[in-house]
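Hi,

Here's the structure I promised to pass on. Have a look at it first, and my notes on the sheet follow below.

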Amino acid sequence: MLATTITARHCEIPAELRARADEVCRRLGAQTRNPLEASVTFDVDGQIRVAEIRLHNAHGDVFIARGDGKDHRSALDRAEEKLRRQVEKHHAGPRRDRLAAGDA
């Protein structure tokens, strides 16, 4: 099961947004191999709201994405899109262990 940590810096995050962040992390974790933990950090940078998602898996891979917007929900959505692309790109590439086994 994916352990998720949600942190708010310099702001308060409503329970609904915390639940949404947890849901987003579970969806992203389902797309990677052996997810271990995820963390979401919400912050305020002037008038811009920021969300950062970090996803760690058992193979030592760390995926990090940051999104910003006029509110924390849109920032979370942007970070989710970026992280999803990273995970898809990482898992779409050739697996080295499969290539090495095919050469033998």
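The four strands make an open sheet in the order β1-β2-β3-β4, with mixed pairing. Strands here are DSSP runs of E with at least two residues, helices are runs of H or I with at least four, and both are numbered from the N terminus; two strands count as paired if DSSP finds at least two bridges between them. β1 (3–8) and β4 (62–69) are the edge strands with a single partner each, so one side of each has no neighbour in the sheet. On average, neighbouring strands are turned by 10° against each other, ignoring direction.

This is a predicted model, where local features need pLDDT of at least 70, side-chain atom pairs count only at pLDDT 80 or more, and totals for chains, interfaces and linings use all residues. Residues are numbered from 1 along each chain as its sequence is written, and side-chain values use heavy atoms, leaving out hydrogens and water.

Now the pairs. β2 (residues 35–45) and β3 (residues 48–57) run antiparallel, joined by 10 bridges. Asp43 sits opposite Val50 in β3, and Val44 is opposite Arg49. Two residues lie between β2 and β3 in their hairpin, and Gly46 in the turn has a positive phi of about 70°.

β3 also pairs with β4, antiparallel over eight bridges, with Glu52 partnered by Arg66 in β4. This hairpin has four residues between its strands, and Gly60 in the turn has a positive phi of about 90°.

Cheers

Definitions and conventions
Axes fitted to C-alpha atoms, helices over the stretch in contact; angles between N-to-C directions.
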